[in-house]
Amino acid sequence: MNFPPDEILEPYIGKINYELIILWMLNNNEAPCTWSDLQVNGVIKRSTLSNKLRKLLERGYVEKQEFNSYIITNEGQGRFYDLSQPQTL
C-alpha cells in the first residue's frame, strides 16, 4: 500500500487537505482502497473520512466497487491533478 508523502500528510503551510489525501491514495495504488487504508495511519479521523468520502462519491470523483472497496474515477483523476498543482498567489 502506497501512502502520501509527508508534505501532503503534514503540510508546512496551511491546513491538511483531506480530499487530496484520499484522492492521492486512490490514484497511487493499483488495488482498490478500503476504509482502513484511507484512514492513513490515523491521520484522518473516522468522521472526517466519512464526510469527505461521501462528498467525493456524490461528485463522482470516487466509486464504491463493492463493500468497503473504493476506486478513483476519471473525473477524480482530473480533480487529483488540479489539487496537486502548486497554488500561485
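This passage describes the burial of two helices, α5 and α2, and the backbone at Asn68 in a predicted model. Local features were considered at pLDDT of at least 70 and side-chain atom pairs only at pLDDT 80 or more, whereas totals for chains, interfaces and linings use all residues. Residues are numbered from 1 along each chain as its sequence is written, and side-chain values use heavy atoms, with hydrogens and water left out.

Helices (H or I, at least four residues) and strands (E, at least two) are DSSP runs, numbered from the N terminus. In helix α5 (residues 74–84), Gly76, Phe80 and Leu83 are buried, that is, under 20% relative accessible area, with exposed meaning over 50% and partly exposed in between (1.4 Å probe, protein chains only). These three lie on the same side of α5 because they cover an arc of only 65 degrees around the axis, taken from the directions from the helix axis to the C-beta atoms. Asn74, Glu75 and Tyr81 are exposed on the other side of α5. The buried residues of α5 pack against α2 (18–27) and β2 (69–72), contact being heavy atoms within 4.5 Å.

Helix α2 is mostly covered, with eight of its ten residues buried; among them are Leu20, Ile21, Trp24 and Met25. The elements covering the buried residues of α2 include α1 (6–9), α3 (35–38), α4 (46–58), β1 (62–66), β2 and α5. At the start of α2, the backbone nitrogen of Glu19 lies within 3.2 Å of a side-chain oxygen of Asn17.

Asn68 lies in the loop between β1 and β2. Its phi is near 60 degrees, a positive value in a residue other than glycine. Asn68 is partly exposed, with a relative accessible area of 26%.

Methods. Polar contact = N/O pair within 3.5 Å; in protein donor to acceptor, adjacent residues only side chain to side chain.
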